[in-house]
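Here is a short briefing to read alongside the coordinates.

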Amino acid sequence: MASNERNGDSVENMELAEDQIKLLEENFTKVSKHPDETTLMLIAAECGLSEEETAKWFKQRNAQWRQAEGLPAELGSVMD
């Protein structure tokens with residue numbers, strides 16, 4: 001599902017179906033930008049992805065969101 005490249009991976013590099021991306025984006029905007037372990041497991045199951053792939057997507061999507069907001073890509077969350 002996701003590419004195995006270690007460097008240069010971005011949300012765009014993950015090979016996801018359109019419906020998976022839609023579900024991930026909906027959860028990102030409506031549920032949480034930083035889902036807890038249980039929520040992450042549920043999102044992964046809903047999307048047909050592994051928890052690792054889902055966590056990676058959220059990490060990369062958060063970096064994109066922070067950059068779009070003019071914040072450093074690796075800025076920690078208040079939840080960290």
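A salt bridge here is a side-chain nitrogen of Lys or Arg within 4 Å of a carboxyl oxygen of Asp or Glu. By that criterion, the structure holds one salt bridge. Please keep in mind that this is a predicted model. The salt bridge is formed by the side chains of E25 and R61, while helices α2 and α3 pack at an angle of about 105°.

**The salt bridge**

- Which side chains form the salt bridge? They are those of E25 and R61, with an N to O distance of 2.9 Å.
- This pair ties together distant parts of the chain, since E25 sits in helix α1 (residues 18–30) and R61 in helix α3, 36 residues apart.
- The side chains of R61 and E25 are also joined by a polar contact of 2.9 Å.

**The E25 side**

- E25 has its place in helix α1.
- Setting aside neighbours within four places in sequence, E25 is in contact with W57 and R61.
- F58 lies 33 residues from E25 along the chain, and the C-alpha atoms of these two residues are separated by 9.2 Å.

**The R61 side**

- R61 belongs to helix α3.
- The relative accessible area of R61 is 15%, so R61 counts as buried, the cut-off being under 20%.

**Packing of α2 against α3**

- Two packed helices are described by the angle between their axes and the distance between the axes.
- For helix α2 (residues 37–47) and helix α3 (residues 51–68), the angle is about 105° and the axes are 9 Å apart.
- That angle makes α2 roughly perpendicular to α3, because values from 65 to 115 degrees fall in that class.
- On the α2 side, the contact is made by L40, M41, I43 and A44; on the α3 side, E51, T54, A55 and F58 take part.
- What classes of residue make up the contact of α2 with α3? There are six nonpolar residues, one polar and one charged.

**Where the topics meet**

- Helix α3 takes part in both topics: α3 packs with α2, and R61 of α3 is linked to E25 of α1.
- F58 is one of the α3 residues in the contact with α2, and the C-alpha atom of F58 is 9.2 Å from that of E25.

Conventions: Residues are numbered from 1 along each chain as its sequence is written. This is a predicted model: local features need pLDDT of at least 70, side-chain atom pairs count only at pLDDT 80 or more; totals for chains, interfaces and linings use all residues. Side-chain values use heavy atoms; hydrogens and water are left out. Axes are lines fitted to C-alpha atoms, for helices over the stretch in contact, and angles run from 0 to 180 degrees between N-to-C directions. Helices (H or I, at least four residues) and strands (E, at least two) are DSSP runs, numbered from the N terminus. Angles under 35 degrees count as roughly parallel, over 145 as roughly antiparallel, 65 to 115 as roughly perpendicular and the rest as oblique. Contact means heavy atoms within 4.5 Å. Ala, Val, Leu, Ile, Met, Phe, Trp, Tyr, Cys and Pro count as nonpolar, Asp, Glu, Lys and Arg as charged, and the others, Gly among them, as polar. Buried means under 20% relative accessible area, exposed over 50%, partly exposed in between (1.4 Å probe, protein chains only). A polar contact is a pair of N or O atoms within 3.5 Å; within protein, one must be able to donate a hydrogen and the other to accept it, and residues adjacent in sequence count only if both atoms are side-chain atoms.
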